Amino acid sequence: MVNHKRMESLLRLGIGILLIVILNQLTGLFPARLDLTEEKRYSVTPATRALLDDLQDVVYVEVFLEGEMPAGFKRLRKAIEETLSQFDYYADGLVKVDFIDPSSALNEKARNEYFRSLIERGLQPTNLSYKRDGNKTEKLIFPGAIVSYYGQEVPVTLLKGSQSATAEERLNQSIEGLEYELANAIRILANDRKKTVALIQGHGEPDSLNLAGLTNALLEKYDVFNVDMSTGDKDLGRYDALIFPKPTTAFSSAEKYQIDQYIMKGGKTLFFVDALRVNMDSASGEGTFAFPYETGLDDMFFKYGARINRDYVQDIICGEYPIVAGNMGDQAQIRMLPWPFFPMVNNFGNHPIVKNLDAVSMKFVSTIDSVKADGIEKIPLLKTSQYSMVNQAPVKVAFNELRKNLDPERFNHGSKNVAYLLKGKFTSIYRNRILPKEINTSGFKESGEETSILICSDGDMIRNEFSLKDGTPMELGLSPYSQMKFANKEFVMNAVDYMLNDQGLIVSKNKSFAIRPLDKVKVANEKLKWQLINLVLPIVLLIIYGALRAYWRKKKYASFK
């Protein structure tokens with residue numbers, strides 16, 4: 001009888017092992033993933049899946065985040081590994097990953113050479129300071145990756161987020177953006193045809209040197225063309241997007257018709273337009289006044305759902321302006337003083353374009369109101385702080401104001417919208433109006449296809465500064481005085497990416513991973529209790545189980561006597 005029971009047990013064990021093997025083989029043939037996390041941490045968006053599914057060759061990813069690091073950066077490294085593991089799964093094994101420690105070279109010379117090569121490839125280092133075994137440690141790390149495909153490569157910065165956030169919040173923001181940053185790099189390399197962006201010229205826009213930072217940023221992903229509409233180049237349909245970089249003179253009715261019809265046919269447009277003009281050379285002493293620009297675009301904006309007001313917003317949260325405070329010998333002494341006409345915008349709407357964005361530097365910005373436009377969704381993107389003050393035209397601008405203290409009681413007009421995204425099917429401004437006679441208006445469309453328009457009331461936010469050393473154009477958003485880097489470039493690029501990539505990949509920026517920190521006070525008070533639960537309770541339960549099982553076996557076999 002005992003042999004029969006033993007045979008039955010062995011047979012059950014064999015059947016169980018066989019079922020496990022069969023199940024394992026089936027999961028290999030028909031793989032599936034189940035994400036049970038609240039934030040869908042281990043899922044990727046449909047746009048990313050489609051991108052990975054279309055890969056024709058192996059994508060190599062070198063991640064330079066390895067070795068000894070604080071816990072926060074280890075969490076970032078783990079998140080990168082998990083994200084790329086998901087990519088490899090959906091790409092059927094075509095994503096190959098290598099984690100590299102740049103500081104692992106045998107000697108200092110070799111290490112410095114390697115660091116230099118990474119910088120030349122486009123990665124920026126971060127000087128990390130942390131405590132290890134009670135001692136302060138400093139280490140240069142490269143929180144980024146190099147993505148390679150078909151012999152080409154692009155650098156990817158993986159440590160992002162707002163500079164005003166805490167270190168933990170910034171790491172969390174970086175983790176939230178991993179899918180977009182890595183997938184966007186693959187998209188750039190895998191895209192056979194670059195989309196085209198036109199910078200509209202011919203209406204007093206800044207010259208090529210002032211737009212060099214913007215142009216260079218766009219050229220990383222798109223083909224960029226300067227289009228002078230004033231010379232008759234009005235075939236706008238050849239371009240996937242139009243950018244209007246601070247026009248200062250009026251558009252003719254024929255040009256406005258071309259722009260309107262481009263929008264009606266689904267064209268994407270980004271307007272960076274100043275409402276008022278001011279001559280800073282005349283701002284010394286008692287100052288000067290700002291008066292309106294007459295670009296002729298106001299009625300178009302109004303029809304599409306927005307109105308740029310003829311005012312200036314001053315904000316306590318602002319940038320600085322250099323003034324001469326005196327001389328030391330023959331050298332002028334420059335002081336940087338807060339200048340409320342230069343808002344430092346760190347207040348954003350709820351949209352992927354501005355998700356986890358750092359502060360944006362603006363100059364002489366006006367308020368924007370949304371107005372009624374049927375079927376149009378109006379999304380505020382950039383907002384001044386709650387400590388703002390609105391000045392109606394004509395606005396006095398004087399350097400003497402720099403010397404005044406910024407009294408919060410004066411800045412009591414609340415937060416103001418300064419950039420809008422408009423989405424929907426727009427109605428032509430020429431509907432029920434006489435069409436321009438000087439242009440061919442056959443094929444006129446009075447109602448448009450689905451598209452997007454961005455309207456920002458600051459034309460200077462897309463102008464780069466110039467180096468104080470050699471006068472060369474600087475990267476868009478980089479301050480020549482403080483060397484602080486603002487997110488102007490990221491804002492523009494996010495907007496263009498959102499418009500031109502069918503709002504696909506950038507939607508992954510909507511991911512939000514909640515930070516769930518432990519309650520330190522509660523941990524200290526209940527430390528002993530949880531140590532007992534985790535260490536002692538399992539042993540006690542195991543002893544109880546053993547005693548009960550021994551008692552049960554003794555009772556069972558006692559019945560056979």
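Is Lys 256 buried or exposed, and what is its relative accessible area? Lys 256 is buried, with a relative accessible area of 10%; buried denotes under 20%, exposed over 50% and partly exposed in between (1.4 Å probe, protein chains only).

## Basis of the model

This is a predicted model, in which local features need pLDDT of at least 70 and side-chain atom pairs count only at pLDDT 80 or more, while totals for chains, interfaces and linings use all residues. Residues are numbered from 1 along each chain as its sequence is written, and side-chain values use heavy atoms, with hydrogens and water left out.

## Salt bridges

The count of salt bridges (a side-chain nitrogen of Lys or Arg within 4 Å of a carboxyl oxygen of Asp or Glu) comes to 20. One of them joins the side chains of Asp 299 and Lys 256 at 3.0 Å, N to O. Asp 299 is partly exposed, at 31% relative accessibility.

Arg 121 forms a salt bridge with Glu 62 at 3.0 Å and another with Glu 153 at 3.1 Å. Arg 121 is partly exposed at 26%, as are Glu 62 at 22% and Glu 153 at 38%. A network of salt bridges links Lys 246, Asp 274, Asp 460 and Arg 463.

## A buried lysine without a salt bridge

Lys 423 is buried yet has no salt bridge; Glu 377, the nearest side chain of opposite charge, is 4.1 Å away.

Terms used: Lys and Arg count as positive and Asp and Glu as negative; His and the chain ends are not counted.
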